[in-house]
Amino acid sequence: MRRRGLLKAALPLGVAATALGAVPASAAPDTPAPRGRDRIDVHCHLIPDFYRESLAAHGVTEIGGVPVPAWSPPLAVDFMNRYGIQTQVVSVSEPGVTHLSSAEERVAMAQRLNTYTSRHLVHTKSAPLKGRFGGFAVLPLGDAVDEQDVARAVTEARRAVSDLKLDGVGIFSSYGGTYLGDPMFAPLMKALDDLGAMVFIHPVTPQNYPDLGLPPFLYEFTFDTTRALVNMLYKGVYQRYPRIRWLAAHAGGTLPYISYRTSLLTLTPAIAQQVGATGADDSSPYFRKLFYDTALSPAPQTMKSVRELAGTQHILFATDWPFSSALFPAAGDPAPQLDETFAPAERLAVERSNALAQFPALAARIGAGPA
């Protein structure tokens, strides 16, 4: 079994850490201030050895034609230190646990991953790792989603947030061609709403996409995120479950750029009724309330569109490490393109205070109140 997905490669790690420091309170809003280790990275991934071994045992040894990248807590901390990152909020990327054929295996692996994330990263007592990680739960959903699969996902979501005290829940844009917004997911949406969860939507390689001989991360990942976000609009998910806070990977795919076009049926109810899309009213408040990360999307072509749609306060810094390692310089500023869209004070909000406001438990763990 060979998975096609994000073109991922890792660079050697191991240079000295940057000095810990904070932006001085006296710094003028538009005057660049010295940066220390203050960034919060909301989109990056963990690949513990037991999970890597499970992938390999099922034929998943590479993604996008390159080996699954190296990962360990020390490598993650080294990366953070090199790029001025205080904390990573980690999640499980494609394929999640969908490579496992039985429900029992998927539940066991999801539980093991979430327990590992909680005990050994998020709530660890190890001094080198303490305060360096947050975590999104992975759900035991497979490629063939049914009612029992969703019920098991509900149970694990509640355990992960309420008992393991993870910072939110990770979910894929689609599972075997079933997209977020499908009525099948309604019990899970209700549970996530009851939890008031931050839910991170990560894309997957869609089924039956036209193969142009290019890695799907270039465009198919963004399209799949967009499909999920638009489907949830017209299926009334944002309306019915207002306490869920949605974080869309990679700046929401293509949604910011085409948000007006995709909202047209909400502006013309008669046409919407003709095509059976009656689950939404004016889309603008819903798309504006979503949160968008900067992973693989820091350039102004994307960031200015996201800022126009949702405002700076709904944009959160992200790296997509370790899958994006080849994109970074040796050390220093991990996303210099952000300066082309954001003034220094805005950039500090994107890279830190916006995340602290949305992850209050994480802010408390690292001793930083929301700005």
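Reader: In which sense do strand 9 and strand 10 pair, and over how many bridges?

Author: This is a predicted model. In it, strand 9 and strand 10 (residues 245-248) are paired in the parallel sense, over four bridges. To read a pairing, look for the residue that faces a given one. For Met198, the bridge partner in strand 10 is Arg245.

Reader: Which strand pairs with strand 9 besides that one?

Author: Strand 6 (residues 168-172) does, again in the parallel sense and over four bridges. Take Val169 as the example. Its bridge partner in strand 9 is Val199.

Reader: Are the residues of strand 9 buried or exposed?

Author: Buried. Strand 9 (residues 198-202) is mostly covered, with five of its five residues buried. Now check the directions. Met198, Phe200 and His202 point one way. Val199 and Ile201 point the other way, and these too are buried.

Reader: What is the order of the strands in the open sheet?

Author: The order is 1-4-5-6-9-10-11-12, eight strands with parallel pairing. Then find the edges. They are strand 1 (39-45) and strand 12 (315-316), each pairing on one side only.

Reader: How many bridges join strand 4 to strand 5?

Author: Three bridges join strand 4 (residues 85-91) to strand 5 (residues 133-137), and the two run parallel. Within this pair, Val90 stands opposite Gly135 of strand 5.

Reader: How do I read a helix?

Author: Start with the turn. An α-helix has 3.6 residues a turn, so residues three or four places apart point the same way. Now turn to helix 12 (residues 300-310). Its buried residues include Pro300, Met303, Val306 and Leu309. Ser305 and Ala310 are buried as well.

Reader: Which strands does helix 12 lie across?

Author: Helix 12 lies across strand 11 (291-293) and strand 12. It runs at about 170° to strand 11. Look also at what follows the helix. That residue is Gly311, with a positive phi near 90°.

Reader: What about the whole chain?

Author: Count the elements: 14 helices and 12 strands. Of the 371 residues, 57% are buried. Among contacts with a separation of 6 or more, 78% come from residues 24 or more positions apart. The accessible surface is about 15100 Å², and carbon and sulfur atoms hold 56% of it.

Terms used:
Residues numbered from 1 in each chain as written. Predicted model: local features only at pLDDT ≥ 70, side-chain atom pairs only at ≥ 80, totals over all residues. Heavy atoms only, no water. Buried < 20%, exposed > 50% of the residue type's maximum accessible area, 1.4 Å probe, protein only. Pairing = 2+ DSSP bridges. Contact = heavy atoms within 4.5 Å. Areas by Shrake-Rupley, 256 points an atom, 1.4 Å probe, with all protein chains shown as cover. Axes fitted to C-alpha atoms, helices over the stretch in contact; angles between N-to-C directions.
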